Every structure is written in structure tokens, then in C-alpha cells.
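Here is a friendly walk through the model shown below.

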Amino acid sequence: MANTNLSEHTVSILVYNKPGVLSKVMSLITRRGFNVESVSAEKTSGDKTRIIVAVKADERSLEQIQKQLYKIVDVVKVTPIDPKHRIVRELAFIKVKNATAIPNTSNMELFQLVDVFDGEIVNATPSGFVFQVTGSRDKINSFISLIPETLIVEIARTGIVAINKWPSQDN
Amino acid sequence: MAMKGARIVVECLKKEKVDTLFCYPGGVVIPIFDELFQHGDGIRMVQPRHEQGGTHAADGYARVTGRPGVVLVTSGPGATNTVTGIATAYIDSIPMVVITGQVPTQYVGTDAFQEADITGISLPITKENILVTDIEDLAPSLKRAFHIAVSGRPGPVLVDIPKDVLLASTAFEYPEEFSLESYRPVSKGHPRQVAKALEMMSQAERPLILAGGGIQISGSTELANTFIDKTGIPFVHTLMGHGINPRNRDLPSGNIGMHGTVYGNWAVQNCDLLIALGTRFSDRILGDTVSFAPRAKIIHVDVDPAEIGKNVEVDVPIVGDLRHVLEKWIEADRPMPDFSPWVKAIREKRLANPLTYTQKEDIVPQYVMEKAREAFPENLIVVTDVGQNQMWAHQYFDTNRPRSFVSSGGLGTMGFGVPAGIGAKLGCPEREVLVIAGDGGFQMTMQELITIRREKLPVKIMVLDNGYLGMVRQWQDLFHDKRYSGVLLDNNPNFAELARVLGIRGRQVTRVDEVAEAMTELAQSKEAMLLHVIVKEEENVFPMVAAGASLNDTRTS
């Protein structure tokens, strides 16, 4: 497949919650030559799990991924998420050192940043803090980029979850 | 009554009417072999010399019968030895059920003796695979495996059963039906698309049917013949698409692609409507994608939605069972225009570009093919290995019956021929089976000659020995200035003598004047026989389209 016009697409995949089904889905996507940007999965109802995958692909390849995914016996439904009409969130924990340990930084600046980004301080000790932020990938990326790198100890991110909105009333 | 898992496996095979089981024992599957010994009545156990051979044999059995080939092997190396056979079946859409033993559940993941993660390994080469961790899931898993293997686009399914599951007991109940929300193969083509396709045919001037392997897989050969006769549309076929045989002999047919006929490739490049039936447009058929069938609109019928639009852009996609689509087209009884100028043009191309070869002193393989075709009955099953031998067989045995040309098309698996021939003979014992192999591929699985002897199968084998890996040598000849790197097979034994040592009739042929008579002996032998033919070292397969080149550049020398 030609690697032109690659853009990020999000696909929501409903599967039977069987052992190995996540690896079947991921293996298929990677073996067909697509880069996985993000993945999240959780049991959603009864015997089913929803996997949300963001991949870089062109339109035609995206269609091909969907068809290939349907060939996995345990895949029930594949729904592309419309980039113009979706709700998308990611959650991240950022573990930082107490800023007073480093010259020219202060915890107050960090707390203001958390506030601006609608984040939370979910753990606070004399050694350091854990911040929680949610939102789009871009928002989380910019939050992280504003924290001095030397203070960051560890980052954990969920990968995106996304869903199509209800169709709007006026069309 | 409670039944052990091992017995349940045997009872499931009986429920599925499995008459032939390609099996090789080992530690963890001893319980199944024990049950087969006591309760395996009606199941012929065929033991290959190597699990790969058993898997190809199951594949050959499936290709000629349409029923799933069934394999039973042990864990670890037993399971990994089936991988090439599974991959071969997968890419050619062959139904197969591979049952592998696994180490006991409590040892899974501990690097136990003869442990291999075969469900992980086989993931990209199976239609479905299942690790059975609970005895209650055993019978339903086997039902699932058989159902999925044969339905929709067929393919291999692997069922991995840990030893403790084989030893556990439960009441045996085989599910009558299999139903799963997420598995519903499409059967009927969309009526509007089916009608639209027919409309386009009726307006075409130069339509052409491209017949793929899907026709014989779906059991539509007779329907395709009828449709071709009814409409007068000429056809070409792929390697997997042998077997079409309309009554109207005036209609030109021919294979296309890398080693396709000149007129076949010409017809593709000049048609204005290409009706592709059950083909996945492999790169061996397309050549250069951009210049493929440049003047044509394309109708593509396939049961697998993922094949449509994968390699070529299609104007009328029809997802559905070919049988249904062809039935609808025939029923519609739509009058077609007179395609005879187009048919005549193809026929003239054919007359001007016949397959040719020069037979001088050294025996050339094409001559051997012609003599074989003359000596064997018409309802022959040809089983090929891979390489030049395969392409010559493809060109010279334009088989006119479905399921009669058995060849590893997609994977191109050397070593496929002899074991697949075993499976073909077991599947169709009343028909003559001729294996055509080169000296390279033959040596990859020649231990299966012992299986032929043991099972007393009158399989006929022809080894074309040019002392080279001929197809690679041909590429080196044409594209690498004859730097014959790694292709010389200069220590080949006398394969006829080797066959005799293994208890099989063998004959070696070195002179042209012996070929016809030796071929008659091969064809008329009541027992298995191997004919070792020493052929010209450097003969190339033509026509040929270089990899990725346009079908317009079909070279004949």
C-alpha cells in the first residue's frame, strides 16, 4: 500500500472476550503493515470487550483493515470513529519529583499548570507528586511538555478511548 | 456417561465423518492414539514420516475431495512441523483441521518439555485457532473448528488441546449446530450488484471471464461452464482456476499471469470488461498493477469481502457465494450481443502464439509433459511441486475437470508434491494421480515415499532432474547475468534406485527415445512408481512476465 496521505484513524472494535483475542487483533493490524499509535481495551458488557485502536493509515488501507478485522472469528463489529464527530479522551498519570529539590523551580508553578489543564493531584508526598490529566492526546502532550523534564520520574497513559457522538439534530 | 477428552476427540471425528486421519504420535497425544486404537473404527490412520508431509497430505486430500483434511500431531516440534503445511493451505483457502497436543495446562508457559506456543505461532496462518483449556469446551471447539474450516472462504483451523484436558472426563455431547453472532459468511450476492454486472456484460464488446480457484472451491465449475456456453464470453484462468471446460470448444481459454499464455495476457490487456470470479488478484496474476487490464471495467465476485479492492480497484464488487451469483446470472437469461469478433481475435492470437519448445538431444521438460499427457487417462489428477516443473505442468496440463490440478499456488511450497499426492490418492483412490516434481522440491519431502509404500498407494511420480533449482536459476539467467549462485544440485542420487531401496518401482530415463515408452510404463503400472527423468540443464519457462512488469511485456524468449 502506498504510504501517501497517512493520517491517524481511530477504530472501535467489539470482540468476544476470548483468550488471545487482543493479540489476534493487534497482530493482524501490525502484520498488514499499519502502525498502531494507541490502543485501549476493556470488557464492556457480558461476554464482550471493546478495543479502541488508533492507527496511521490512508483511507483505502483503513477500509482494508476493517475488512481484515472482520475475518477474525471473534470480531463482532468494527466501527470507524469519525474524526469530525467524535468524543475522545485519554488519561495520564505523571509522577514528578518535589520541585524544591531543583533550583529555580517551584511546586506552585506545577500546581498552577495542573489547574490550568483541569488536572488533579492524586498523590502528594514530601518526595513528590502524581498528577492526573485527561483529555485529548494533544492536551496531554502539551501538559507533559510544560513540566521540566528533569522533574518527571514516570508517565503512564491509557491510550485513547473514543466514541462517535449521536447524530446532531439539525442534519 | 462420562467420557475422557481423548475419546471425545475420536467421537467428534466420527461425527464429522472423518475417514482419513493424518497423524503422528508423541508424548501428550498418546491418550488420543490409545482411543483411536480401541475406538477408531472407520478412521484410516495414515502415518507420514514427518508432520509436514502429513499436513501437505491432508491438504491434498482436501483439494481433491472438498472435505477438510484432518491432522493430529503432538506438542512442540510435532506442532511446529505442521506450520509450512498450514501456511500453504491458508493462502490457497484449503479447509483443514489440525489438532495439536499441548503440555498440561499447569505447565503451559513454563518452557516445559516439548512445549511450543502453537496458537501464537499459527495465528497469522490459520482462519481460526483455539486453545482448549476446559474439557467442557472440547466438543464445542471441535465443532467450531470443522464448521469454520469449510464455511465461507475455507481455511485451516488449529485446535490445541493440553494433555490434562485429554485426560479429564465429561458427558459427550456433540453440538448439532454452530452459530456465532460474529461469524456469518455472506452467501448471496447483492441483487442490485448482480443485476448491474449482467447489464455491463450485455453492453460490453470485449468481455473476458477470469476464473480463479474460488470456482472449484465453491463447487461452481458446472455453473461456470453453463454460463460461458450461454453467453459466449471467452475466459482465462489462474493457476488455481484450472478445471473450466465449456462444451463450446471454439471459446479460447488459457492461463494468464507471470507464465501465462501470450494470448491470455493479451486478452486481459485488451478486454473492455473483466469478470473476475473467485480470484484474489495475486501479484503473479497482475504483474504491474497500474497497467493491468487498462481498458477494462472490473467486476469482482468473491466470498471474502477483504479480497475485493485489496489489490485492484473494482467497478462492481459482489460479495457472495459464486454458486449463488452464477445461478442468478444463468436464471436471468439475459440476451448477450455477439462477441464473436472478440473471440476470433483471441483465437487468432492463440494460433499465432502457441506454446513452443525445441527438442534436440537432451530431453526437454515440455516434451516430457506432452508425453505424460498422452500416456495418462483424461481424468488424471495432476499434483505438482513448485518451480519450473509446476509452471510447465500448468501450461501443458490444462485440466478440464475441477479439483484435478493440485498445486501450492500462493505460498509456493517446495516439497508439497509427493505428500500432497498421497492425500490426493487417498481422497480419490479410483483416479490416477501423477505427481510432477523437480529434483529440488522432491528432495525436501522424499521420505514420504515410505508412506506411499506403507499405505500401498499406487501414486505415480515423475521427477524432472535438471541438476538445478531451475526457477531460481532461470531468474539468475535472465536478471543476474547467469551468476548461478546457490542453485546447483550436482550430487543428486539416482532417484529410481533410491525408490527401489524404499520398496517402490523406479526407472531412470536419460534418452529422448525412451520417454514415451517409459511414460506408458508409468501410466500403466498397477503399483506406485517413480520415473526419474534427466532433463536438459538450462531450459527456461516461457512465456514469462518479469516480476512487477506489465502483462504487455510478456516475453517468449
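## Cysteines, cores and the chain contact

Across all chains, a search of the whole structure turns up zero disulfides. Please keep in mind that this is a predicted model. For Cys23(B) the reason is distance: the closest cysteine sulfur, in Cys12(B), is 16 Å away, too far for a bond, because a disulfide needs the two sulfur atoms within 2.5 Å.

| Residue | Relative accessible area | Class |
|---|---|---|
| Cys23(B) | 3% | buried |
| Cys428(B) | 8% | buried |

Next come the nonpolar cores. The largest one has 44 residues, and those with the most contacts inside it are Ile381(B), Val383(B), Phe442(B), Ile452(B), Ile461(B) and Leu530(B). Domain 1 (2-171) and domain 3 (365-534) of chain B each supply at least three residues to this core. A second, separate core has 43 residues, including Tyr16(A), Met3(B), Leu72(B) and Val97(B).

Finally, how do the chains meet? Chain A brings 17 residues to the contact and chain B brings 21 residues. Between them about 1,600 Å² is buried, with carbon and sulfur atoms giving 45% of that area. The two chains share four salt bridges; one of them pairs Lys24(A) with Glu128(B) at 3.3 Å, N to O. Nine residue pairs are in polar contact between chain A and chain B, both residues at pLDDT 80 or more.

Key:
Residues are numbered from 1 along each chain as its sequence is written. Chains are lettered from A and ligands numbered from 1 in the order in which they are written. This is a predicted model: local features need pLDDT of at least 70, side-chain atom pairs count only at pLDDT 80 or more; totals for chains, interfaces and linings use all residues. Side-chain values use heavy atoms; hydrogens and water are left out. Buried means under 20% relative accessible area, exposed over 50%, partly exposed in between (1.4 Å probe, protein chains only). A nonpolar core is a set of buried Ala, Val, Leu, Ile, Met, Phe, Trp, Tyr and Cys residues joined through side-chain atoms within 4.5 Å. Domain bounds come from an automatic or database domain assignment. Contact means heavy atoms within 4.5 Å. Buried area is the accessible area (1.4 Å probe) that two parts lose on being put together, summed over both. A salt bridge is a side-chain nitrogen of Lys or Arg within 4 Å of a carboxyl oxygen of Asp or Glu. A polar contact is a pair of N or O atoms within 3.5 Å; within protein, one must be able to donate a hydrogen and the other to accept it, and residues adjacent in sequence count only if both atoms are side-chain atoms.
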